[in-house]
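Have a look at the structure first, and then read on.

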Amino acid sequence: MSKAYVAKRLAMLFMVVLGVLVITFVITRVIPARPELLWAGSHPTEEQIERARKELRLDEPIYVQLYYYLKDFFTGDWGVSWRTRQPVLQDIMESLPATLELVFAAFAIAVMVGIPLGVLAAVRYGRLADGVVRVFSVLGASAPVFWIALIAQLVFSSWLGVLPGAKRVDESVVIETGFREITGFMILDSILQLNAAVLLDALKHLVLPALVLSLYPLGLTARMTRALMIEALNEYHSISLQVWGLPRRLVVYKYALKNVIAPVIASLGLSFGYTIIGAFMVELVFVWPGIGLYAALALLSFDYPAVIGCVVVVALVYSLVNMVVDIVHASLDPRVKL
Amino acid sequence: MLEVRGLHVSYYTLGGVIRAVRGVSFRVSPGKGLCIVGESGSGKTTLGLAIAGALPPNARASRGSVRIDGANILELGPEDLERVRGSLVSMVFQDPAASFNPLFTIGQTLGDIARHKLGLAERSEAREAALAALRRVGMPDPERVLDAYPHELSGGMLQRVAIAAAILPRPKVLVADEPTTMLDVTLQYQILKLLNRLKETLGLALVFITHNLGIAAEVCEDILVLYAGHMVELGPTDKVLEEPLHPYTQALIECIPRIDRGPGRLKPIPGSMPDPRRLPGGCVFHPRCPHVMDICRERDPRPVALDKRVVSCLLYNGEKGGAR
């Protein structure tokens with residue numbers, strides 16, 4: 001991987017962020033709403049509303065507003081949330097780890113379950129196991145995530161009562177054990193502090209939303225793995241390796257599997273966007289204090305700085321993930337030079 | 001010693017049963033070569049796969065036997081077959097670039113073969129065996145080749161590596177399925193020379209599959225001509241090429257351009273190979289045969305021993321009384 005390539009990707013990343021910023025900024029300014037009413041507090045007078053418009057620079061032309069916004073944005077000032085009245089960057093930094101924890105857990109489940117299921121289906125092509133995996137993966141990839149979230153919450157939390165149905169952790173456990181936030185990733189922080197009680201509790205809270213969120217990428221992974229594996233096993237090289245005497249086991253699980261992993265990871269990178277959208281809905285259902293919940297509340301209250309901040313962060317994370325995916329892809333396939 | 005007897009192979013497909021190989025018998029001694037010649041669809045690759053113990057799952061050898069030093073390959077279960085492949089019989093294919101997994105270095109592939117077939121657990125031992133195999137196929141700079149990925153090597157080099165992979169576990173029989181078709185002419189000649197040398201030095205029984213009769217003369221003592229899965233003529237290379245007995249062999253030889261014949265048009269064989277699902281009754285070649293007789297439409301010719309060879313044609317059935 002060359003330095004020029006990394007520089008090029010970072011430049012592209014900057015362009016993406018800039019584009020997303022401008023587009024979301026323009027969209028939030030042209031929709032007919034009066035956010036100054038929120039800023040001015042309850043039952044405002046005409047002067048208070050006028051003052052709010054000035055404070056929020058809503059009385060200026062849109063390009064002037066954009067100029068000030070961009071200037072502030074790139075100096076680290078993402079504005080103040082009109083709803084929480086805290087700096088947007090601070091709000092996002094507080095809620096992003098919760099979302100990433102959820103999404104990473106979902107992806108871990110998708111990879112660890114989806115790839116073995118896909119391989120199983122391919123090896124038992126046309127038989128019962130193959131059929132079960134295919135039905136399951138199509139259901140997983142096509143069932144609406146908010147519906148599954150509600151059903152899962154109802155069944156496992158309300159009816160069976162085996163898993164908590166809301167929040168990231170039980171507050172009382174946090175207080176009793178003196179748990180402190182370090183990175184904002186609950187699992188990581190509890191491990192760093194050797195806090196088994198919080199770790200266990202956080203895992204219990206994570207299981208249900210992560211499982212629900214994983215269904216889409218899991219179904220996708222299983223289907224992709226299956227199709228690619230069948231293809232790889234029908235390639236000449238899989239046949240010749242067996243003819244030269246290598247055991248089928250080795251040809252499937254070492255040789256053909258490697259042909260499958262790189263494109264599967266690439267497709268997972270692309271599905272990251274959908275999964276974040278899924279996370280928004282899962283967070284709403286499970287009251288998960290992540291960026292999805294934050295963005296939803298921001299949208300409902302016309303909290304523009306917060307909305308733009310959320311959109312930019314998601315775009316940034318998506319671009320970064322896909323950059324990492326490309327690098328992983330290149331490291332797996334010697335024919336790809338970056 | 002490779003001995004194929006009365007071999008029948010069929011593919012079971014949704015479109016019906018395809019009888020790809022019907023009653024083929026021959027033997028190849030160690031250090032000798034047999035060329036299987038035929039048009040596309042004549043069943044020559046299927047025959048090769050059956051010998052290599054690598055028939056696809058939808059194919060079955062319904063009758064006959066393939067014996068290597070007495071052991072019948074067709075009777076082996078999946079585990080025994082895995083053991084025999086490579087160690088007893090191996091195969092190289094037409095497209096060397098497609099024969100290697102692009103994500104693994106040559107060293108990884110050859111090393112795994114050495115580990116699994118020669119039981120070399122040590123990394124350095126396996127590497128040494130791979131190097132030795134590469135040297136045996138005359139590969140220049142074998143150390144560098146081991147660390148290369150398939151896409152970094154040329155087609156000619158890859159075909160050499162494929163041959164090295166095939167002979168690494170020291171098989172008794174090597175099936176080469178059109179190994180020179182994808183290479184340019186100078187490389188073709190080198191690969192043929194290499195196969196000839198390996199055959200003699202390693203005592204390999206070589207089965208060389210080609211559609212090119214001219215190549216057959218270079219590497220093989222014997223020629224087997226295949227038509228629609230049927231054995232048409234089998235005999236010593238020079239005999240078959242110089243005095244072909246079967247009308248199909250004669251017609252094939254007419255198709256080879258020759259420098260000593262002067263200008264003129266080549267004579268193609270009229271018609272095309274029959275659909276393997278609907279073979280004609282009687283002799284399978286009769287619709288295209290210039291010497292067709294009434295009896296050819298009814299009777300399937302038996303292979304007849306004649307003039308040091310075997311020929312399946314009713315033209316000769318009277319002469320030596322149908323001996324096998």
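How many nonpolar, polar and charged residues does the lining of the largest pocket have, by class? The lining has 24 nonpolar, seven polar and eight charged residues. This is a predicted model, in which local features need pLDDT of at least 70 and side-chain atom pairs count only at pLDDT 80 or more, while totals for chains, interfaces and linings use all residues. Residues are numbered from 1 along each chain as its sequence is written, chains are lettered from A and ligands numbered from 1 in the order in which they are written, and side-chain values use heavy atoms, with hydrogens and water left out.

**Terms for the spaces**

- On a 1 Å grid over the protein atoms alone, a cavity is a set of points where a 1.4 Å probe fits but cannot get out, whereas a pocket is an open set with protein on both sides within 12 Å along at least five of seven lines; lining residues have an atom within 4 Å of a point.
- Ala, Val, Leu, Ile, Met, Phe, Trp, Tyr, Cys and Pro count as nonpolar, Asp, Glu, Lys and Arg as charged, and the others, Gly among them, as polar.

**The largest pocket**

- The largest pocket holds about 1,400 Å³ of space, and 39 residues line it.
- Nearest its centre lie Arg248(A), Ala54(B), Leu55(B), Pro56(B) and Pro57(B).
- Helix 11 of chain A gives the largest share of this lining, four residues; helices (H or I, at least four residues) and strands (E, at least two) are DSSP runs numbered from the N terminus.

**The cavities**

- A search of the whole structure turns up two cavities of 30 Å³ or more.
- The largest cavity has about 50 Å³ of space, and its lining includes His246(B), Phe285(B) and Cys289(B).
- Helix 5 (88-123) and helix 14 (304-332) of chain A each supply at least two residues of its lining.

**A strand pair in chain B**

- Strand 6 (residues 89-92) of chain B points Val89(B) and Met91(B) one way and Ser90(B) and Val92(B) the other, and all are buried (under 20% relative accessible area with a 1.4 Å probe, protein chains only).
- Strand 6 of chain B pairs with strand 7 (residues 173-177) of chain B in the parallel sense over four bridges; pairing requires that DSSP finds at least two bridges between two strands.
- Val92(B) has Ala176(B) of strand 7 of chain B as its bridge partner.

Key. Points joined across faces, edges and corners; volume = space filled by probe spheres on them. Buried < 20%, exposed > 50% of the residue type's maximum accessible area, 1.4 Å probe, protein only.
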